Amino acid sequence: MTAVFDFERPERAQIAQLAAFSSATIHETNGQCGALPHFLKPVSPEMRLHGAILTVFCPAGDNLPLHLAIEGAREGDVLVVDHEGSLDDGPFGDVMAEACIARGIAGLVIDGCIRDATTIRAMNFPVFSRGLCIKGTTKLHAGRIGAPIRLGDQAVESGDIIVGDEDGLVVVGKLELAGLAEKCAQREQREVELRRAIRDGISTVELLGLKRESMRD
């Protein structure tokens with residue numbers, strides 16, 4: 001197993017600035033980049049997460065790499081896990097969520113399933129997953145921690161920032177971070193102005209400069 005925990009993480013202030021905005025705002029502002037697959041949903045709609053990513057490749061049917069990642073993660077990290085999209089096992093449950101909270105881990109995103117959803121919701125530990133499965137796992141197989149992974153068509157690296165809410169999850173690379181929060185604020189202000197104009201009777205076709213001649217009956 002390869003495990004890398006010592007990598008450059010963005011400053012917490014930078015992460016907090018970006019986390020003030022929705023996943024959709026960040027995605028749109030950053031050139032419609034960074035969206036993770038739509039099927040990764042929070043176990044409770046109210047859950048939000050943000051932090052520096054620690055990547056984990058955890059083979060389907062096993063959860064040893066997850067235990068090791070929890071042990072080595074730093075406070076504020078979000079575990080982003082490639083579990084090969086498995087729907088046939090639940091490698092993460094409430095005991096592991098308790099361990100994450102004790103370590104100061106900020107959340108979990110897994111392309112796979114979890115279990116103990118009711119307890120995890122009560123603990124208010126942010127978890128996004130493909131779904132739920134009660135089947136247990138082995139603790140035998142090597143994985144990779146800290147190495148690049150891919151979720152859907154999105155490449156994910158340790159040290160990237162992730163922000164998640166009910167709408168979805170968005171990843172921002174380290175090199176894309178500069179000035180992004182300011183641009184998000186500008187976008188939100190423009191949307192305030194658009195909504196005000198709509199209430200004043202102006203159509204979205206006019207506001208967005210859409211071409212009427214392209215419309216069909």
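Helices (H or I, at least four residues) and strands (E, at least two) are DSSP runs, numbered from the N terminus. The model is predicted: local features need pLDDT of at least 70, side-chain atom pairs count only at pLDDT 80 or more, and totals for chains, interfaces and linings use all residues. Residues are numbered from 1 along each chain as its sequence is written, and side-chain values use heavy atoms, with hydrogens and water left out.

**View 1**
Strand β5 spans residues 107-114. Eight of its eight residues are buried (under 20% relative accessible area; exposed is over 50%, partly exposed in between; 1.4 Å probe, protein chains only). Strand β4 (residues 77-82) pairs with β5 in the parallel sense, over five bridges. Two strands pair if DSSP finds at least two bridges between them. L79 has L108 in β5 as its bridge partner. Strand β6 (residues 127-132) also pairs with β5 in the parallel sense, over five bridges. Here I114 stands opposite L132 of β6.

**View 1. The crossovers into and out of β5.**
From β4, the chain crosses through helix α4 (residues 94-103) to β5. This β-α-β crossover is right-handed.

**View 2. The aromatic pair F92 and F125.**
A search of the whole structure finds one aromatic pair. Rings of Phe, Tyr and Trp (its six-membered ring) pair if their centres lie within 6.5 Å; planes under 30 degrees apart count as stacked, over 60 as edge-to-face and the rest as tilted. F92 and F125 are stacked, 6.2 Å centre to centre with 25° between the planes. F92 sits in the loop between β4 and α4, and F125 in the loop between α5 and β6. The two are 33 residues apart.

**View 3. R9 between F7 and D77.**
R9 lies over the face of F7, 3.8 Å from the ring centre. A charge sits over a ring if NZ of Lys or CZ of Arg is within 6 Å of the ring centre and within 35 degrees of the ring normal. R9 also forms a salt bridge with D77; their closest N and O atoms are 2.9 Å apart. A salt bridge is a side-chain nitrogen of Lys or Arg within 4 Å of a carboxyl oxygen of Asp or Glu. By this rule the count is seven. D77 lies in strand β4 and R9 in the loop between β1 (2-3) and α1 (12-19), so the pair ties together parts 68 residues apart in sequence. Both D77 and R9 are buried.

**View 4. The salt bridge of R12 and E75.**
The closest N and O atoms of R12 and E75 are 4.0 Å apart. R12 belongs to helix α1, and E75 to the loop between α3 (64-72) and β4, 63 residues apart. R12 is exposed, at 54% relative accessibility. E75 is exposed as well, at 52%.

R130 forms a salt bridge with D111, with closest N and O atoms 2.4 Å apart. R130 is in strand β6 and D111 in strand β5, 19 residues apart. R130 is partly exposed, at 32% relative accessible area, whereas D111 is buried, at 8%. R130 also lies over the face of F39, at 3.9 Å from the ring centre.

Notes: Right-handed = clockwise from strand over helix to strand, strands pointing away.
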